[in-house]
Amino acid sequence: MALKKKKTLSGGSVLKVKASVAPLNFGTQWQYVEALEGSDHVKIEPKYGLFIDGKFVEPHSKKYFDTINPANEKVLSKIAEADAHDVNLAVEAARRSYDNVWSKMSGKERGKYLFRIARIMQERARELAVVETLDGGKPIRESKSVDIPLAAAHFFYYAGWADKLEYAFSGRSPRPLGVAAQVIPWNFPLLMAAWKIAPALATGNTVVLKPAETTPLTALKLAEIFQEADLPPGVVNIITGFGATGAELVSHKGVNKVAFTGSTEVGKKINRAILGTDKRITLELGGKSAHLIFEDASIDQAVEGIVNGIFFNQGHVCCAGSRLLVQESVEKIVLRKLFDRMQTLAVGDPMDKNTDIGAINSHEQMKKIEGYIASGKTEGAKLFQTSCRLPSKGFWAKPTVLSEVAQSFRVVQEEIFGPVLTVQSFRTVEEGIEKANNTPYGLAGGVWTDKGSKIFSVSSHLRAGVVWANTYNKFDPTSPFGGYKESGMGREGGISGLLPYVQF
Ligand code: ADP
């Protein structure tokens, strides 16, 4: 790779990497040679049926819909759309398998299947990462280093619990619930499937999972892995479709447990749909999480955390640090450093290993983000966007900062789910906490300070399920995750993640 030093206007120099092909689109200071991840080793079928009772089957509806690559709008595959009849077949298969096989199997044997699934996921990690990036638009660097390893880690972690459940709930005898209906969103498709399926299986439940309509492919690849692992038929069924399929599934009378991750709006609908039934429910919903940057924080480290928290993965993270609350005395320096750092972010082809910010997941989501930016401007916010060029095909959004906003602005109160950060300042610790807590959500938060005691006192006052200190967006299968207020009910991950799937 050829490196060139290039004189800048200010007299300094930046490193320029000579490009054999004109780079798609990068920040203003840095240019890198395109480094595309190969996709020749990946097989995506032209058409996928529903995965019911261990086999891929034609949908009763006879209907299929396209799943596309959001970076170029090309069709990747045709996906079956399950109707009420299909949902019923899937729930019945899960019930048979629960009654006859899975609930009768020892925890040790169930654990072996989970370990096997985790190992096959690791063996097929590169393929899964490529499919995740093609179908969802997220940078390949992220699929490879975050999504797929963490998904496998969840199977490993819960495999370890399968034969130790009496130690997780000491003095009590946990029993499974039955059939779990699980509905997941498009931001971390395989990881969300792993979060939901692994604890359900470890505790002896069987599953019907519905992935999001824009990102069904890795869940269908996971179905292939279940076949490869010889998982008994019906233990996990994967049905694809839109919201109507999800609604049929969660309200099916053969379902004992509902687990949903997605928007607060749909979460409320699901909660209403199962009201008056004896179904158990966990909801992991939206967020409007805040970074609190105190004047004694390491500013460079904090800026990196802010960038990681909202711009990487296009802000498609429910716990994204979408609000920046900065102590007034350091506001100017934080913003200057942040804007400089943002200019170096590479927005472009998600399959390029240099890319920091990939494609927005769908046209609908792109329009929603644009709508929020327009609303922020109308309400009086000051706009900063990086000077990157956006590709002409596909769905994109520039990294955006909206400063000079008030607490009442829609962009401060509502979840945008895009690379858009709002900025407010505060003077005292109490004011910072008050502003951080003043939204309908309570999923996560970030505290940036040099003082350990401040970390503990501030985080104990934040009404948020997860608080990171001097870092952000760090995940581990052993840690519980979930929200306060409109961010949801129940916890996933860690020992807490077993509880929603057992009764005593
Ligand atoms: P997002 O805003 O993240 O797109 P949604 O809440 O719209 O999330 O969707 C998350 C998941 O919920 C998707 O799999 C979607 O198909 C499903 N879904 C949408 N509407 C309903 C509904 N009424 N009942 C059950 N599932 C639904």
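**Helix packing and confidence in a predicted model**

Mentor: Helix 3 (residues 125-136) packs with helix 4 (residues 140-161) at an angle of about 125 degrees, their axes lying 9 Å apart.

Trainee: Why is helix 3 called oblique to helix 4?

Mentor: Angles under 35 degrees count as roughly parallel, over 145 as roughly antiparallel, 65 to 115 as roughly perpendicular and the rest as oblique. The angle of about 125 degrees therefore makes helix 3 oblique to helix 4. Axes are lines fitted to C-alpha atoms, for helices over the stretch in contact, and angles run from 0 to 180 degrees between N-to-C directions. The model is predicted, with local features needing pLDDT of at least 70 and side-chain atom pairs counting only at pLDDT 80 or more, while totals for chains, interfaces and linings use all residues. Residues are numbered from 1 along each chain as its sequence is written, and side-chain values use heavy atoms, with hydrogens and water left out.

Trainee: Which residues make helix 3 and helix 4 meet?

Mentor: With contact meaning heavy atoms within 4.5 Å, A125, L128, A129, V130, E132 and T133 of helix 3 meet I140, S143, K144, D147 and I148 of helix 4. By class, this contact has six nonpolar, two polar and three charged residues. The crossing of the two helices is right-handed.

Trainee: What is the angle between helix 2 and helix 4, and why are they called roughly antiparallel?

Mentor: Their angle is about 165 degrees, with the axes 8 Å apart. Helix 2 and helix 4 are therefore roughly antiparallel to each other. Residues of helix 2, including L114, F115 and A118, meet residues of helix 4, among them F155, F156 and A159. This contact has twelve nonpolar, three polar and one charged residues.

Trainee: How does helix 2 pack with helix 7?

Mentor: Helix 2 (residues 107-123) and helix 7 (residues 217-228) pack at about 125 degrees, with axes 9 Å apart. Helix 2 is therefore oblique to helix 7. I117, I120 and M121 of helix 2 contact L222, I225, F226 and E228 of helix 7.

Trainee: What makes K353 and E37 a salt bridge?

Mentor: A salt bridge is a side-chain nitrogen of Lys or Arg within 4 Å of a carboxyl oxygen of Asp or Glu. The side chains of K353 and E37 meet in one, at 4.0 Å from N to O. K353 lies in the loop between helix 11 (331-343) and helix 12 (363-379) and E37 in the loop between strand 2 and strand 3 (47-48), so the pair ties together parts that are 316 residues apart in sequence. The structure holds 28 salt bridges.

Trainee: Where does pLDDT stay under 50?

Mentor: On this scale of the predictor's confidence in each residue, from 0 to 100, pLDDT stays under 50 over residues 1-27. Where pLDDT is low, the predicted coordinates should not be read in detail. The protein chain averages 93, and 94% of the residues score at least 70.

Terms used
Helices (H or I, at least four residues) and strands (E, at least two) are DSSP runs, numbered from the N terminus. A crossing is left-handed if the near helix is turned anticlockwise from the far one by less than a right angle, and right-handed if clockwise. Ala, Val, Leu, Ile, Met, Phe, Trp, Tyr, Cys and Pro count as nonpolar, Asp, Glu, Lys and Arg as charged, and the others, Gly among them, as polar.
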